[in-house]
Amino acid sequence: MNLIGNLCSSLCSNLEGDAKNREAQRTIDAAIRFPLLSIFKASIVWMLIATVFGLIASIKLHTPGFIEECQYMTYGKVEPIFWNTLIYGWLFNAGLGCAVFLLARIGGTPLKQGVFLTITTVIWNLAVVIGVVGIILGDQLPYKWLEFPSYTAPILFISFLGIGLWCAMAFRARVQRTTYASQWWILTALFSFAWIYSAAQIMLVCSPAQGAFQTLVSAWYAENVFGLLIAPLAFATIYYLIPKTLGIAVVGYRYTGIAFWSWILFASVAGTAKMVNGPIPVWVASVGVIATFGLLLPTTTFSIQFLGSLLSRFSKIWDTASARFLIAGVLSFIVTMLFKSFGALRGSQEVVQFSIFESGVNQLALFGFAGMVFTGASYFILPRLLNKEFPSPTLVDLQFWAHGMGLVLLCIGSISGGIQQGELINGSTADMLAVVNTMRSSYFLASTGLSFILVGAIAYNVTFFWMLLSARSKKEASTSLIEEAPELEYTAS
Amino acid sequence: MNRGPFIFLGVFIILSLTWALVINKPIQETGHLSPIFDAEQGGRLPIGIKGGAAQGKLVYQEFGCIACHTQQVRVAAGFDLERGWGERQSVARDYLDETPVLIGNSRLGPDLSNVGKRQTDASWHMLHFYNPDITSKGSNMPAMPFLFETREIVGEATSRALKLPAEYAVADGYEVIPSRKAEALVAYMKSLKVTYDLKEAPKSNDVMSEELSVALENAK
């Protein structure tokens with residue numbers, strides 16, 4: 001609790017010693033500026049790439065003639081490229097960027113060995129590039145979210161170990177000994193990913209389990225990528241950004257422990273729910289269904305904490321770009337978890353299994369929850385890191401609304417379209433061609449949504465690179481722009 | 001919870017225990033199946049994929065067909081049997097030889113577990129891959145013209161050339177020849193059929209009674 005006090009006191013401008021605080025923060029930021037900027041650069045470019053591939057895949061569903069002649073861009077290749085660049089390109093880098101910033105700031109000391117972090121993340125991103133090229137050339141593996149060819153796995157894993165090691169050392173180097181929830185989540189994400197990635201690679205590629213059980217491992221892995229890597233990094237960011245942007249402690253912070261442990265417990269099993277009616281023992285899927293439903297427990301705690309905090313300072317949300325992204329992310333999270341939990345029940349799966357419902361929910365979780373939270377965080381971090389103002393607040397607004405509107409369209413297209421598709425495929429003997437015909441409007445809606453998100457991604461890229469490349473104005477060069485007071489928070493309008 | 005090692009340890013214990021429960025336990029208990037030898041049903045079961053079909057499986061994997069097609073039949077839910085996608089539940093033993101396994105989890109197109117039984121005609125598959133519009137009007141399956149070569153007829157027309165309907169025909173004096181990959185893919189499609197019975201996956205009553213009536217007819 002000590003630390004929350006510190007977080008809050010740093011927000012209050014009338015407290016003594018604030019200038020000294022700011023000076024200390026600038027030293028901390030300066031130590032990680034170079035690696036952090038390179039991580040954000042990668043994430044923002046990957047976001048654009050992922051969205052472009054997503055849009056191509058989506059267009060191919062309603063207009064199959066689109067880029068038809070090219071054997072390197074079949075739907076079966078573009079679709080996994082979309083998901084993998086989205087996860088390992090954009091969200092991993094964005095989440096890592098937030099994690100590094102949080103570790104440095106909460107730890108309260110300038111971190112060393114930034115070069116090591118830069119090198120490992122560059123290797124990680126090169127491995128992702130190799131993976132994408134590998135899929136284009138036809139070396140993909142048929143496992144969900146593990147489609148990167150097997151030769152990229154060692155590079156990804158070793159560079160990840162480097163990243164994880166750096167973060168663990170950064171955590172150890174903290175001056176402030178009391179830990180905060182954000183740090184628990186970051187440690188969890190890093191450790192869990194090393195564990196699930198190595199387990200999945202060993203059981204799928206090195207010494208593969210027997211046929212049907214590979215599906216089990218693959219389903220377990222894919223759900224854990226969300227539950228134990230992306231979501232924890234996003235939670236870490238939310239726990240930090242709420243006090244920072246709103247100037248209050250997280251409501252009901254003392255229940256964080258329960259939410260933390262129950263989330264890890266349930267999320268690590270939830271993946272097997274996808275195996276309902278599949279060729280594996282029935283009880284395995286049942287355990288997964290129960291666990292997915294159990295996720296409602298931590299979800300409720302998070303909802304009370306996050307929404308309680310955000311709604312108690314509602315007026316700030318519309319003034320502060322970061323807080324606005326944050327609340328959009330939190331709302332997406334709640335909706336995602338409701339769809340995930342109720343969608344995993346056997347009764348629902350009888351309708352939606354194998355339809356685009358699941359990919360719709362995943363898009364909501366990744367573009368909506370994690371994407372919104374990390375983007376909001378980057379709008380908080382970048383001005384502090386560069387000591388520059390947003391070149392154009394309109395662009396930030398544009399991204400928010402384009403991303404948000406796109407998300408709504410995408411989700412209506414994929415989730416409600418998925419339910420419709422499921423009803424036709426699993427609930428009737430309708431001819432598949434008739435199903436395709438009925439679904440065309442939903443596919444079209446999803447494409448429209450992704451085009452909106454693409455506009456947002458372009459605005460994001462322009463803002464970032466404009467900010468990065470423009471020279472500092474006189475004001476920016478002479479003083480610290482950041483005064484850690486909520487009233488003076490960077491606003492988009 | 002102010003110590004890193006405590007969090008590491010806690011997370012490690014939870015992850016190992018849940019992994020042991022939902023991944024390792026089922027694999028230890030039921031994941032070491034062996035093929036069955038049944039002389040009446042033609043020897044080793046499952047039959048397995050051989051030769052050109054095995055090449056075709058690689059093509060299937062390369063182009064990511066799994067993004068839209070499953071290869072599993074469910075009995076407890078859905079209308080898989082009524083749709084003619086299979087006659088019985090797919091069980092673990094059916095996938096014994098499959099590494100990597102191509103079960104899939106998305107049905108933007110039909111299930112393919114028994115496509116070799118539904119469509120036995122190789123030329124249908126060829127036309128379907130060349131341009132799905134020819135065989136299934138209105139399908140959103142991507143055409144794969146890159147698996148075929150359009151070339152000038154020199155001398156006599158090749159027998160392997162596709163017999164295209166008039167509205168899809170190529171220019172006069174040209175023919176469309178399937179590449180080796182297309183041949184392999186079609187061989188794979190034709191090999192996709194579950195023709196054997198397993199004790200753990202009995203056929204449904206409807207299928208059994210139908211087979212019985214056919215057998216009785218034959219006996220008469």
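## Basis and confidence

The model is predicted: local features need pLDDT of at least 70, side-chain atom pairs count only at pLDDT 80 or more, and totals for chains, interfaces and linings use all residues. Residues are numbered from 1 along each chain as its sequence is written, while chains are lettered from A and ligands numbered from 1 in the order in which they are written.

The model has an ipTM of 0.91 and a pTM of 0.92. Within chain B, helix α6 (residues 180-191) has the highest confidence, at 95, and helix α7 (residues 205-219) the lowest, at a mean of 78. Where pLDDT is low, the predicted coordinates should not be read in detail.

## Contact between the chains

Chain A places 67 residues in contact with 60 residues of chain B. Two residues are in contact if their C-beta atoms, placed from the backbone, lie within 7 Å. On the side of chain A that touches chain B, helix α7 (residues 211-246) of chain A gives the most, with eight residues. Helices (H or I, at least four residues) and strands (E, at least two) are DSSP runs, numbered from the N terminus.

That side of chain A consists of 33 nonpolar, 24 polar and 10 charged residues. Here Ala, Val, Leu, Ile, Met, Phe, Trp, Tyr, Cys and Pro count as nonpolar, Asp, Glu, Lys and Arg as charged, and the others, Gly among them, as polar.

## The largest nonpolar core

A nonpolar core is a set of buried Ala, Val, Leu, Ile, Met, Phe, Trp, Tyr and Cys residues joined through C-beta atoms within 7 Å. A residue is buried if 20 or more other C-beta atoms lie within 10 Å of its own, exposed if 12 or fewer, and partly exposed in between, with C-beta atoms placed from the backbone. The largest core has 218 residues, of which I186(A) and I230(A) touch the most other members. The element that gives the most to this core is α7(A), with 24 residues.

Apart from neighbours within four places in sequence, I230(A) is in contact with I87(A), L91(A), G95(A), V225(A), L366(A) and A370(A).

## Layout of chain B

Chain B contains seven helices and four strands, in the order α-β-β-α-α-α-α-β-β-α-α from the N terminus on. Its radius of gyration (taken over C-alpha atoms) is 23 Å, well over the 17 Å that the globule rule gives for 220 residues, so chain B is more spread out than a compact globule. The globule rule is 2.2 Å times the number of residues to the power 0.38.

The C-alpha atoms of chain B fill a box of roughly 80 × 65 × 30 Å along the principal axes. Of its 220 residues, 40% count as buried.

Most residues other than glycine have a negative phi, and most peptide bonds are trans. In chain B, the bond from L45(B) to P46(B) is cis, with omega near -5°, and P46(B) lies in the loop between β2 (43-45) and α2 (51-62). The bond from T99(B) to P100(B) is also cis, with omega near -5°; P100(B) is in the loop between α2 and α3 (115-118) of chain B.

In chain A, I67(A) has a positive phi near 45° and sits in the loop between α2 (18-62) and α3 (75-107). I67(A) counts as partly exposed because it has 16 C-beta neighbours inside 10 Å. F354(A) has a positive phi of about 70° and is found in the loop between α13 (346-352) and α14 (357-386) of chain A. With 22 C-beta neighbours inside 10 Å, F354(A) counts as buried.

How values were computed: pLDDT is the predictor's confidence in each residue, from 0 to 100.
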